[in-house]
Amino acid sequence: MQEKVSRILRKTGQVFSGGGRDAGSSVFAETTAYAASTASRKAPHPFWIIVRKEMSDIMLSWRYVILLALMLLTCGASLYTAITSIKTAVPTGEAVDSFLFLRLFTVSDGTIPSFMTFVSFLGPLLGIALGFDAVNSERNKGTLSRMMAQPIHRDYVINAKFVAGISVIGLLFFALGLLIMGLGLLTLGIPPSFEEFLRMIFFLMLSVVYIAFWLNLSIAFSVRFRQPATSALSCIALWIFFSVFYTMIIEMIAKGIAPVNPTHMDQLVNYQQTVQFLLRLSPGHLFNEATMTLLMPEIRTLSLFVPPEQTYGALPSPLSVGQSLLLVWPQLTGLIAAVLVCFMAAYMMFMRQEIRSR
Amino acid sequence: MKQSTNMQIVDVSDAKLDAPDMRQPIISIKDLTKMYDEHTAVNQLTLSIQEGEIYGLLGPNGAGKSTTILMMLGLTEPTSGTVRVCGLDSVRQPIAVKRRVGYLPDDIGFYEDMTGYDNLMYTARLNRIPELEARQRVDAMLQRVGLSDAAKKKASTYSRGMRQRLGLAEVLLKKPEVIILDEPTLGLDPEGVRELLQLIKALSRDEGITVLLSSHHLHQVQQICDRVGIFVKGELLVEGDVPSLAKGLFLEEALTLEVGVKPINSELIAELRKLPGVVRVDEQDGLLQIGCKEDISSELSRILIESGCSLFHLQIKQYGLDEIYHRYFEGGEPNAGESKQDTP
């Protein structure tokens, strides 16, 4: 009984003193000190302390506020264009109508891109912004060596940075996604089916994985480069390379290796497969393929050539969630692998580095 | 240089003779070596520090002091050799070592947008100190280092001296058995240095904390260190307390008397050389430089006056660490002392 009371007292004490440690709260703390001494609760694990601090740092930073404003703006714009053009853009047909709700994420009238396009474009920027100075700024400020002198394992720091970043991104995306769903529900007046809901949740999860890739990449650069500016520029360079130049380069290569006089079907198939393989080396392409499949159930295959014996007899109906997921499983695996590779690179580099003061 | 190598042998053997009747050392380093590619940062270092001692690790920049400290905390792996702190192996149990050892890095940084209080609370939480106890300890430590008034100010507004003191408060939060301070006096004004060193000394005395501090400001450290070790190019050249170091280094010539006397002639010099305790007598700029084992100033002045000379200047010069430093690092001529430290 006494224990219970003291626990409640302590909790209220924390709530009171959580915001500002003014004189009142310290008095309160003193009064609860006796109660606390009777039942000493274990202090939280240092890892979660770091995660908490990193999360609050991110959320209170200017760059996060700016990116949040940008995301809200794009979210509003894409929702607006989706709602205004949903009637004209969507062809009438029973199979498609049943996935009207998903159109909120994909439909665009051509002036403002859809939410899906925005995510694939701005997502990397969000990831980079949260990670490019994760380690090197701490190093430059001299706080890293101070933290390392505390009784914590070295990898807590980098793990916590990643966990904090990914939690903030996850929260943000789920909030935005659910916001769009809610607003869509209000304006369209049609509730989403469970399957649509599942598809949207998978889409949001996929977005988080994709952004996690960029987050880890930028953390790896922040371990590698001493100057935050260098790591930010390197990340942005890679981002622009993959989002603008990569397709151009692949198109050039494709022209070069295209068979001149294809005499056999296999030659064409091989050629197309090579080009597709090269395109899929870009995480952005993987993400686009996966989101399209998830948000457009009518996409039945991602390969360009489907042998007639496979299409023969197939009904032109949308896929179920499970089948769509099965279709994007390689893409998803590829993205997760890319996330892990980047994280491992950052982790290995960080563990091998010597932590000196500035 | 050859002389100094001899002295090193003497000093190390002295230390070894002393060892058996002391307690178990709280820091013991054996044959510690750290190589960076081809460069040897620390070479075969053997060192032991007793509980409650204030030990100064002295040496120029890049001598390997910081590397040694990092190895003690398990932040860098030694190439070979062992480090034991509080009886724990720093390589295998770095967390346990860091729980007992407080470390103040040389250029300490705080989270600028957090207050000094919050910075300390963060550290306290990382040390798993329960919330309420942490608050009490942070308040107590801030008071101890004289930062109670600035506790609610952001760390970005702190001056260099305040940062160092905040750093010291942070180090003390975990109630360490040993504190390691890397260049604690760097960049502080003379008053700040004095306050910080007094604080360190008081801590060592009141709480029995062992202190290891590294510095290249020799005479600052000289004031508070029980023992010093001179560390150059990764090697510990000599070790011991300041007077014995000076004694060993300067051929038993612990101090020099600067005597202004008229007239100076060769008979007088010859007579002075015969005095017991006098090692050498030289004439320099009309003053006599008399190197001697102990303070013979009163006897000397009596002899000079009895011999009918007029004595107009007598100053005792004692060799400080600066002189020792110069001798080792700059390879100066023996007893050439340009920057001797005067003692009143």
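Q: Which residues does E54(A) touch, not counting residues up to four places away in sequence?
A: First, the ground rules: this is a predicted model, where local features need pLDDT of at least 70 and side-chain atom pairs count only at pLDDT 80 or more, while totals for chains, interfaces and linings use all residues. Residues are numbered from 1 along each chain as its sequence is written, chains are lettered from A and ligands numbered from 1 in the order in which they are written, and side-chain values use heavy atoms, with hydrogens and water left out. Contact means heavy atoms within 4.5 Å. Setting aside residues up to four places away in sequence, E54(A) touches E138(A), K161(A) and A164(A).

Q: Is E54(A) buried or exposed?
A: You'll find E54(A) in helix α3 (residues 46-60) of chain A; helices (H or I, at least four residues) and strands (E, at least two) are DSSP runs, numbered from the N terminus. Buried means under 20% relative accessible area, exposed over 50%, and partly exposed in between (1.4 Å probe, protein chains only). E54(A) has a relative accessibility of 7%, so this residue counts as buried.

Q: With which side chain does the side chain of E54(A) make a polar contact?
A: A polar contact is a pair of N or O atoms within 3.5 Å; within protein, one must be able to donate a hydrogen and the other to accept it, and residues adjacent in sequence count only if both atoms are side-chain atoms. At 3.2 Å, the partner of E54(A) is the side chain of K161(A).

Q: How far apart along helix α3 of chain A are K53(A) and D57(A), in helical turns?
A: Their side chains meet in a salt bridge (2.5 Å, N to O), the rule being a side-chain nitrogen of Lys or Arg within 4 Å of a carboxyl oxygen of Asp or Glu. K53(A) counts as buried at 7% relative accessibility, whereas D57(A) is partly exposed at 29%. Because they sit four residues apart in this helix, the separation is about one helical turn.

Q: How many residues apart in sequence are the parts tied together by E239(B) and R227(B)?
A: The side chains of E239(B) and R227(B) meet in a salt bridge (3.4 Å, N to O). E239(B) is buried at 12%, and R227(B) counts as buried at 17%. E239(B) lies in strand β10 (residues 235-240) and R227(B) in strand β9 (residues 227-232) of chain B, so the sequence gap is 12 residues.

Q: How many of the residues of strand β13 of chain B are buried?
A: β13(B) covers residues 287-292. L287(B), Q289(B) and G291(B) point one way, and L288(B), I290(B) and C292(B) the other, yet all are buried. The strand is mostly covered, and the tally is six of six.

Q: How many bridges join β12(B) to β13(B)?
A: Two strands pair if DSSP finds at least two bridges between them. On one pairing, β11(B) (residues 255-262) runs antiparallel to β13(B) over five bridges, with L257(B) partnered by I290(B). β12(B) and β13(B) form a hairpin with two residues between them, and D285(B) in the turn has a positive phi of about 50°. D282(B) partners Q289(B), and the antiparallel β12(B)-β13(B) count is six.

Q: What area is buried between chain B and chain A?
A: In terms of contacts, 38 residues of chain B meet 36 residues of chain A. Y111(B), L126(B) and R128(B) supply 21% of what chain B buries against chain A, more than any other three residues. Buried area is the accessible area (1.4 Å probe) that two parts lose on being put together, summed over both. Carbon and sulfur atoms give 54% of the total, which is about 3,300 Å².

Q: Which residues meet in the salt bridge between chain B and chain A?
A: The count between these chains is one salt bridge, alongside 12 residue pairs in polar contact (both at pLDDT 80 or more). α4(B) gives the most to the side of chain B that touches chain A, with seven residues. At 2.1 Å, N to O, the bridging side chains are R146(A) and E170(B).
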